[in-house]
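Good morning, everyone. Please have a look at the model on the screen, and then I will walk you through a few places in it.

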Amino acid sequence: MKNRTIKKVAVLGSGVMGSRIACHFANVGVEVLLLDIVPKEAAESKDKSARNKIVNDALQFALKSNPSPIYSKKFVSRIATGNLEDDLPKIAECDWIIEVVIERLDIKQQVFANVEKYRAPGTLITTNTSGIPIHLMLEGRSEDFQAHFCGTHFFNPPRYLRLLELIPTPKTNPEVLSFLEDYGQRYLGKTTVVCKDTPAFIANRIGVYSIMSLFHNVTEMDLTIEEVDKLTGPVIGRMKSATFRTCDVVGLDTLVHVANGVKENCKDDEANELFSIPSYVDKMVENNWLGSKTKQGFYKKVKGDDGKSEILSLDLKTMEYRAKKRAKFATLETTKAIDDLKERTKVLVAGKDKAGEFYRKSFYGLFSYVSNRIPEITDALFKIDDALNAGFGWQLGPFETWDILGVEKTIPKMEEMGFTINDWVKEMLASGCPTFYKIENGVKYFYDLESKSYQVIPGSEGVLSLEILRAENTVWKNSGATIVDLGDGILNLEFHTKMNTIGGEVIAGINKAIDLAESEYKYKGLVISNDGENFSAGANVGMIFMMAIEQEYEELEYAIRTFQNTMMRIRYSSIPVVVAPHNLALGGGCEMSMHADKVVTHAETYMGLVEFGVGVIPGGGGSKEFTLRASDEFGDGMRLNVLRNRFLTVGQAKVATSGEEAFELGYLREGKDEWIVSRKHQLTYAKQAALNMANKGYSQPIQRSDIKVLGKEGLGIVYVGANSMKSGNYISEHDQLISEKLGWVMCGGDLSEPTEVDEQYLLDMERKAFLELCTKRKTLERLQSIIQKGKVLRN
């Protein structure tokens, strides 16, 4: 097959999914044609805007939604809208046509019949169904259509949920499927999972089984919805919304639809009865308590007599809303100090209380169910884990969890509780294969049922993974950081503290990594990345608070100086340093990125200097760096505007909501830094970037001494602005003080005229201002508040 490129995509159907799929293709640089039906009232109209009202309204609704489906507002121009009567011929210019119309087979078949009139031979054509059998849509279609057709099941919202299920038919050209697998991963940032054409495919089949199991367990074990959500959230590596909050967000009607579909179409499923809708769920649907879309579901937000909002919980016994009850279990208390999810899972399942009983019943049932779904829904067990991890946000898939608890060890316990295990699992153990996965010589393998042996996971070749590499390639480690050899002379520094906050152990790790790369001939570059949930939530606030409250100002000054020196060492070492952030990169995590030779950030990175919220200014080089970048942007007569914009970005603690927006806010540099959509390929690409710089011939940079600061000229607008904001009661007196301190640093003090200064001059001012703010009562109160919030989140 010739090389295929995707330059233009047509999305047919602009509903919740269609409009957001269109936005995500626009995110990655593809031109999009978004079409929908003509409104009935405009059937005879020649007014284009009237005929396109449905599609235009849908797109605008999507763009106003939160979280946003688009990386940057400027990308909206990549989407053209139209209707299925006037503009369908334009699909002849498209490389991929995606149908996302209503879930009715007859309507989909009608759309495909019209598409065939204009579609160019060889054009990809896919359907985004979540339940209709894919092969039924091919009736009456040409051979070329059938060869280039399959299902593409995006999960909502498409920008944020990483799963893309691909469902081929017997007529799908294997080369088409291979292309979509790679394109989905590399260009759309998805975990692509090829599924068999079975009801609910993979993720929803297993995920909805898990939810339905909990729906029944909650009443059988006399649990409250708060207790189940406490047990099924972050503590086991699942989303914060856990079970019942997730149902409210997704919509109870959607869940019921999928469950009914499985029950009706999977009569031979041994857990068929489990998909029966519990009476309390039937009652909720009857009452239209469907979740967020109807303003009430398992939870309901109300306003009290004092005007404050309160979230009520549904009592499943009385079917009345009541005040939330705190969920508490002894087993959960014992795991608070266990950060490692795998170790924590072992303790949870071994619990002697109701929580332990709940976990055993839930996990053992899940293990039994997934063992019986192979080879029904897939031939490869890793696809089930991939689908649940990417589609439902599970950090550990069913087979990964089973490995952690011990496959052979759990089988007698499962059978004792009445759960059956498929014969292939016992055959695997009997053949000398004790686990579903193994890592050997830096390669991850899975147990393959067909060959009855371990095989390399397809698509993992040549893709770096810290999970795999750290097992055999760890060079150095302490309690908060690990240095791993990525090969070809490039090291990786990862940190693994709570929220990946940056404290003394991480600072030591950074300096050790640079020491190794600079001193040993076999190393020539460094990547700073990790595979935690967040890159870094910033500096260790607890450490700063304790030093400040104890008035240990010399120790605090030393800690801040060390932090600054480490950031400067990242910038001015003799080896190239690439930082590869993802998700949260706040405060110190942002400052670290801003001092790298190059940043390869994930498209889903939320980056910002947020220290104002803590009551201080950026003290790890962030204030200095924004001053330096403002200086580089000063032009003739526009420098006050530049200073103002840079000042407000920090002063308003603006956080970029995508890698692209990080460029717009000035955290990343045009021409130097990049964002990548594929989280899977990010580390591999970052390593190559470091290697390219090293092989090209890397020269140690020289510290800057030409940074222009405006002195009193700039301080005037800072002080006037802060004073007017305070006078208008927009900011507090402490916020005014922080603003003036930041302005003092960014203007270089009260110099009589614009002057060129060096970086150390600004770092010294930054550190002094930071320390002065740490002596203020309001700063200590804010620090303490943030620490308390962090404890609540962790608990």
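Just after helix 16, Gly-406 has a positive phi of about 95°. A word on the source: this is a predicted model, where local features need pLDDT of at least 70 and side-chain atom pairs count only at pLDDT 80 or more, while totals for chains, interfaces and linings use all residues. Residues are numbered from 1 along each chain as its sequence is written, and side-chain values use heavy atoms, with hydrogens and water left out.

Helices here are DSSP runs of H or I with at least four residues, strands are runs of E with at least two, and both are numbered from the N terminus. Buried means under 20% relative accessible area, exposed means over 50%, and partly exposed is in between (1.4 Å probe, protein chains only).

Now, how many residues of helix 16 are buried? In helix 16 (residues 398-405), 8 of the 8 are buried, so the helix is largely enclosed by the rest of the structure. Among them are Phe-399, Trp-402 and Asp-403.

Contact means heavy atoms within 4.5 Å. Asn-217 sits in helix 7 (residues 203-220). Asn-217 is buried, at 4% relative accessibility. Setting aside residues up to four places away in sequence, Asn-217 touches Asp-222, Leu-223, Lys-361 and Ser-362.

Glu-625 belongs to helix 24 (residues 622-633). Is Glu-625 buried or exposed? Glu-625 counts as buried, at 2% relative accessibility. Beyond its neighbours within four places in sequence, Glu-625 is in contact with Arg-571, Met-594 and His-595. Asn-692 is 67 residues from Glu-625 along the chain, and their C-alpha atoms are 25 Å apart.

On to charges. Side chains of opposite charge can pair when their charged atoms come close. A salt bridge here is a side-chain nitrogen of Lys or Arg within 4 Å of a carboxyl oxygen of Asp or Glu. The structure holds 58 salt bridges.

Take Lys-8 and Glu-31. Their side chains meet in a salt bridge, 3.9 Å from N to O. Lys-8 is in strand 1 (residues 8-12) and Glu-31 in strand 2 (residues 31-36), so this pair, 23 residues apart, links distant parts of the chain. Lys-8 is buried, at 13% relative accessible area, whereas Glu-31 is partly exposed, at 44%.

Next, Asp-57 and Lys-53. Their closest N and O atoms are 2.6 Å apart, in a salt bridge. Both are in helix 3 (residues 53-64), and because they are 4 residues apart, about one helical turn separates them. Asp-57 is partly exposed, at 41%, and so is Lys-53, at 42%.

Glu-518 lies in helix 20 (residues 504-519) and Arg-569 in helix 22, so the bridge ties together parts 51 residues apart in sequence. Glu-518 is partly exposed, at 32% relative accessibility. Salt bridges that share partners also join Lys-48, Arg-51, Glu-85, Asp-86, Asp-87 and Lys-90 into one network.

Last stop: helix 22 (residues 553-572), where Glu-555 is found. Glu-555 is partly exposed, with a relative accessible area of 42%.
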